[in-house]
Amino acid sequence: FTLVALLAGVSTAFGQVSFPLDNAVWKQRHGNEDAPPTYSIIGTKTADVVLGGTTYRKVYQSFDDAVFSESEYIGGIREASGGKVYYRGATSTSETLIFDFSVAVGDTITDAPTGMKSGIVYAIDYVTIDGISRKRITFRQQSSSAPWTGNYWIEGIGNSSLGGFMGSPMLQPTCDCGVKTVCLSTNGNVVYQNPGFTDVGCDMVVSVPDVP
């Protein structure tokens, strides 16, 4: 009985965590160098769309409020077996693999926006977020043996910070000009808060005017 219970606990702790597809909202920070940053939200409701014969959950992006209207529809997202997450733009002729949680140490990942090889899986461990044990994938640069400390992937969340919802976790901005994940909420509940932006709320979009 004890052995069965322990095995059941291990199975639960390290089972695959699905990518959030229902009422998920990622808040993103857009750096503007010396100007104040701006924010946007990108996410889903519960509506589907068929693109090229494949069913996706609709993805929206808003820059001025926390409500997704149909005019803000930008494409579709789906999760395939093994933890592969694909995105297809509303006018695109093909889909792009944006996350792959089935990778192993030593695998090379591809930058979704450019299609170029952008990093190598350095380590895989587990971290508990929102009461769930999630796979965390750390990378290294192709030219280095040291881990890349700027960002990582978290199962069921996506990019922890740099790159935002669809960008590469291996970006190397030389200024405050990149997109970063601030937080993720599902069905109105905060699931993840970026430790670097604990002072930024997750409940609404904040647009800061550029005041000379």
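Visitor: Which cysteines form a disulfide with their sulfur atoms 2.2 Å apart, C183 and what partner?

Guide: The partner of C183 is C202. A disulfide here is a pair of cysteine sulfur atoms within 2.5 Å. Before we go on, a word on the source: this is a predicted model, where local features need pLDDT of at least 70, side-chain atom pairs count only at pLDDT 80 or more, and totals for chains, interfaces and linings use all residues. Residues are numbered from 1 along each chain as its sequence is written, and side-chain values use heavy atoms, with hydrogens and water left out.

Visitor: What is the torsion about the S-S bond of C183 and C202?

Guide: That torsion is about 105°, so the disulfide is right-handed. The pair links distant parts of the chain, 19 residues apart: C183 sits in strand β12 (residues 179–186), and C202 in the segment after β13 (189–193). Strands (E, at least two residues) and helices (H or I, at least four) are DSSP runs, numbered from the N terminus.

Visitor: Are C183 and C202 buried or exposed?

Guide: Let's set the scale: buried means under 20% relative accessible area, exposed means over 50%, and partly exposed lies in between, using a 1.4 Å probe and protein chains only. Both C183 and C202 are buried.

Visitor: How many disulfides does a search of the whole structure find?

Guide: It finds 2. One of them joins C175 to C177, with an S to S distance of 2.2 Å. Here C175 is partly exposed at 29% relative accessibility, and C177 is partly exposed at 39%. Number the bonded cysteines in sequence order and the pairing reads 1-2, 3-4.

Visitor: Now the strands. How many bridges join β3 to β4?

Guide: As a general idea, two strands pair if DSSP finds at least two bridges between them. In this model, 4 bridges join β3 (residues 54–62) to β4 (residues 73–80), and the two run antiparallel. For an example to find on screen, K58 has G76 in β4 as its bridge partner. Next, β4 pairs with β5 (residues 84–89) over 6 bridges, again in the antiparallel sense, and R78 has Y86 in β5 as its partner. In the hairpin of β4 and β5, 3 residues lie between the strands, and G82 takes a positive phi near 85°.

Visitor: Which residues have a positive phi although they are not glycine?

Guide: Two cases to look at are N23, with a phi of about 50°, and D130, with about 55°. N23 is in the loop between α1 (2–13) and β1 (24–32), and D130 is in the loop between β8 (117–129) and β9 (132–140). N23 is partly exposed, with a relative accessible area of 30%, and D130 is partly exposed at 48%.

Visitor: What order do the strands take in the open sheet of 5 strands?

Guide: The order is β7-β8-β9-β10-β11, with antiparallel pairing. Its edge strands, β7 (108–110) and β11 (158–159), each pair on one side only. Between β7 and β8 there are 3 bridges, and I109 stands opposite G119 in β8.

Visitor: What lines the largest cavity?

Guide: A cavity is a set of points on a 1 Å grid over the protein atoms alone where a 1.4 Å probe fits but cannot get out, and lining residues have an atom within 4 Å of a point. The lining includes I98, I109, W153 and P169.

Notes:
1 Å grid on protein atoms, 1.4 Å probe; cavity = no way out; pocket = protein on both sides within 12 Å on 5 of 7 lines; lining within 4 Å.
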